[in-house]
Amino acid sequence: VQLQASGGGSVRAGGSLRLSCAASERVFKISEIGWYRQNPGKQRELVALIGSGGSTKYADSVKGRFTISRDNAKNTVYLQMSSLKSEDTAVYYCNVAGFSDPWTRLDAWGQGTQVTVSS
């Protein structure tokens with residue numbers, strides 16, 4: 001399974017962006033899908049997760065501003081980002097954890113998309 005992330009760009013503080021992450025094929029079983037972000041010299045951090053049942057989890061720093069959602073028919077997960085702040089600047093990565101078939105664990109990462117927020 002390959003993941004293609006898109007939607008990043010440059011935006012002013014207070015603006016919005018929507019990231020998309022499309023899977024190249026349907027995944028046999030998804031445990032969770034997540035968006036992470038990373039800046040140079042820093043660890044990758046969790047931004048948002050959506051579980052197989054639709055439950056969501058957000059980093060405290062993005063609660064109320066970001067929304068993760070999924071479209072199973074399109075094999076795509078989204079991250080709607082609003083009220084962006086300069087500290088949201090990072091490369092954003094999507095991740096899918098689960099099983100690609102009944103016997104093979106899957107832990108796939110997208111290539112990353114840059115988000116730059118200017119103040």
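**View 1. Aromatic rings and an arginine.** A search of the whole structure, a predicted model, turns up one aromatic pair. While we are looking at rings, let us turn to Arg44. This residue lies over the face of Tyr93, at 3.8 Å from the ring centre. Arg44 also lies over the face of Trp109, where the distance to the ring centre is 4.7 Å.

View 2. Is Arg37 buried or exposed? Its relative accessibility is 6%, so Arg37 counts as buried, the cut-off being under 20%. One, of 2.7 Å, goes to the side chain of Glu45; another, of 3.4 Å, joins Arg37 to the side chain of Ser61. Leaving aside neighbours within four places in sequence, the residues in contact with Arg37 include Arg44, Val47, Phe66, Glu87, Asp88 and Tyr92. Glu45 and Ser61 are among these contacts too, and Arg44 is the residue from the ring view, over the face of Tyr93.

**View 3. The open sheet S1-S3-S8-S7.** Four strands make up this open sheet, with antiparallel pairing in the order S1-S3-S8-S7. At the edges are strand S1 (3-6) and S7, each of which pairs on one side only. From one strand to the next, the twist averages 15 degrees. As a reminder, strands of a sheet pair through backbone hydrogen bonds, either parallel or antiparallel.

**View 4. Strands S7 and S8, with Asn75 in the loop.** A closer look at the sheet shows S7 and S8 pairing in the antiparallel sense over six bridges. In one of them, Asp71 has Thr76 in S8 as its bridge partner. Between strand S7 (66-71) and strand S8 (76-81) comes a loop, and Asn75 has its place there. What is phi of Asn75 near? The value is near 55 degrees, positive in a residue other than glycine. For context, most residues other than glycine have a negative phi. Asn75 counts as partly exposed because its relative accessibility is 26%.

View 5. With a relative accessible area of 41%, Ser83 is partly exposed.

Definitions and conventions:
Residues are numbered from 1 along each chain as its sequence is written. This is a predicted model: local features need pLDDT of at least 70, side-chain atom pairs count only at pLDDT 80 or more; totals for chains, interfaces and linings use all residues. Side-chain values use heavy atoms; hydrogens and water are left out. Rings of Phe, Tyr and Trp (its six-membered ring) pair if their centres lie within 6.5 Å; planes under 30 degrees apart count as stacked, over 60 as edge-to-face and the rest as tilted. A charge sits over a ring if NZ of Lys or CZ of Arg is within 6 Å of the ring centre and within 35 degrees of the ring normal. Buried means under 20% relative accessible area, exposed over 50%, partly exposed in between (1.4 Å probe, protein chains only). A polar contact is a pair of N or O atoms within 3.5 Å; within protein, one must be able to donate a hydrogen and the other to accept it, and residues adjacent in sequence count only if both atoms are side-chain atoms. Contact means heavy atoms within 4.5 Å. Helices (H or I, at least four residues) and strands (E, at least two) are DSSP runs, numbered from the N terminus. Two strands pair if DSSP finds at least two bridges between them. Axes are lines fitted to C-alpha atoms, for helices over the stretch in contact, and angles run from 0 to 180 degrees between N-to-C directions.
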